[in-house]
Amino acid sequence: QVQLVESGGGLVQAGGSLRLSCAASGRTFRRYAMGWFRQAPGKEREFVGAISWSGGSTYYTDSVKGRFTISRDNAKNTVYLQMNSLKPEDTAVYYCAADSSSYSSIHVPAKNEYDYWGQGTQVTVSS
């Protein structure tokens with residue numbers, strides 16, 4: 001069983017930055033590929049990006065490329081989402097998720113491959 005706890009959300013002005021953290025329980029975190037998702041009110045959940053268990057491969061959805069960066073510290077069982085140049089349309093609840101079946105150190109899971117989820121953290125970007 002894996003437990004994921006996000007933190008770091010909050011209110012920020014457009015153009016600002018936030019760094020979200022996702023702390024994971026379990027000794028096998030280093031073998032989990034991790035993803036970030038978000039859901040705005042009235043919208044479907046959106047796949048933001050992901051990182052392989054080694055950290056050597058990443059994926060970002062087009063709307064965040066060049067602004068968001070996913071990283072991980074396996075010694076701390078934590079994955080991060082650095083968000084820069086934030087826009088009002090980035091406002092959402094952000095969730096981290098784990099793929100416990102990731103088969104390769106460079107495998108970046110697709111949006112439907114995650115089996116553990118955090119509770120989410122709210123990010124609000126004011127204009």
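A residue counts as buried when its relative accessible area is under 20%, as exposed when that area is over 50%, and as partly exposed in between. In the predicted model shown above, W117 has a relative accessible area of 30%, so this residue is partly exposed.

The overall architecture comes first. The protein chain contains 11 strands and 0 helices, so its elements, read from the N terminus, are β-β-β-β-β-β-β-β-β-β-β. The radius of gyration is 14 Å, close to the 14 Å that the globule rule gives for 127 residues, and the chain is therefore as compact as a globular protein of that length. Along the principal axes, the C-alpha atoms fill a box of roughly 40 × 25 × 25 Å. Of the 127 residues, 46% count as buried. Among contacts between residues at least 6 apart in sequence, 59% join residues at least 24 apart.

Two pairings involve β4. With strand β9, residues 92-99, β4 pairs in the antiparallel sense over 7 bridges; here Q39 stands opposite V93. With β5, β4 also runs antiparallel, and 5 bridges join the two; in this pairing F37 stands opposite F47.

What do β4 and β5 form together? They form a hairpin with 6 residues between them, and G42 in the turn has a positive phi of about 75 degrees. Because its relative accessibility is 58%, K43 counts as exposed. K43 and A92 are 49 residues apart in sequence, while their C-alpha atoms are 9.5 Å apart in space.

The aromatic residues come next. The structure holds 6 aromatic pairs. One of them joins F37 and W117, whose ring centres are 4.7 Å apart and whose planes lie at 55 degrees, a tilted arrangement. This pair links distant parts of the chain, since F37 belongs to strand β4 and W117 to strand β10 (residues 116-117), 80 residues apart. F37 counts as buried because its relative accessibility is 2%. Another pair is made by F47 and Y59: the ring centres are 5.4 Å apart and the planes are at 20 degrees, so the pair is stacked. This pair also links distant parts of the chain, with F47 in strand β5 and Y59 in strand β6 (residues 58-60), 12 residues apart. At 11% relative accessibility F47 counts as buried, whereas Y59, at 36%, counts as partly exposed. Together, F37, F47, Y59, Y114 and W117 form one aromatic cluster.

Charged side chains also meet aromatic rings. R45 lies over the face of W117, at 4.0 Å from the ring centre. Elsewhere, the charged end of R72 sits over the ring of F29, 4.5 Å from its centre.

The next subject is the interior. In soluble globular proteins, nonpolar side chains tend to be buried together. In this model, the largest nonpolar core has 29 residues, of which L4, M34, W36, M83 and Y94 touch the most other members. Strands β3 (18-24), β4, β5, β7 (68-73), β8 (78-83), β9 and β11 (121-126) each supply at least two residues of this core. Leaving aside neighbours within four places in sequence, the contacts of L4 include C22, M34, C96, Y116 and W117. A second, separate core has 5 residues, among them F37, F47, A50 and Y114. F37 and F47 therefore take part both in the aromatic cluster and in this second core.

Finally, two residues other than glycine have positive phi values. Phi of N77 is near 50 degrees, and N77 is placed in the loop between β7 and β8. N77 counts as buried because its relative accessibility is 19%, and the limit for a buried residue is under 20%. Phi of S85 is likewise near 50 degrees, and S85 is placed in the loop between β8 and β9. With a relative accessible area of 40%, S85 is partly exposed.

Terms used. Residues are numbered from 1 along each chain as its sequence is written. This is a predicted model: local features need pLDDT of at least 70, side-chain atom pairs count only at pLDDT 80 or more; totals for chains, interfaces and linings use all residues. Side-chain values use heavy atoms; hydrogens and water are left out. Buried means under 20% relative accessible area, exposed over 50%, partly exposed in between (1.4 Å probe, protein chains only). Two strands pair if DSSP finds at least two bridges between them. Helices (H or I, at least four residues) and strands (E, at least two) are DSSP runs, numbered from the N terminus. Rings of Phe, Tyr and Trp (its six-membered ring) pair if their centres lie within 6.5 Å; planes under 30 degrees apart count as stacked, over 60 as edge-to-face and the rest as tilted. A charge sits over a ring if NZ of Lys or CZ of Arg is within 6 Å of the ring centre and within 35 degrees of the ring normal. A nonpolar core is a set of buried Ala, Val, Leu, Ile, Met, Phe, Trp, Tyr and Cys residues joined through side-chain atoms within 4.5 Å. Contact means heavy atoms within 4.5 Å. The radius of gyration is taken over C-alpha atoms; the globule rule is 2.2 Å times the number of residues to the power 0.38.
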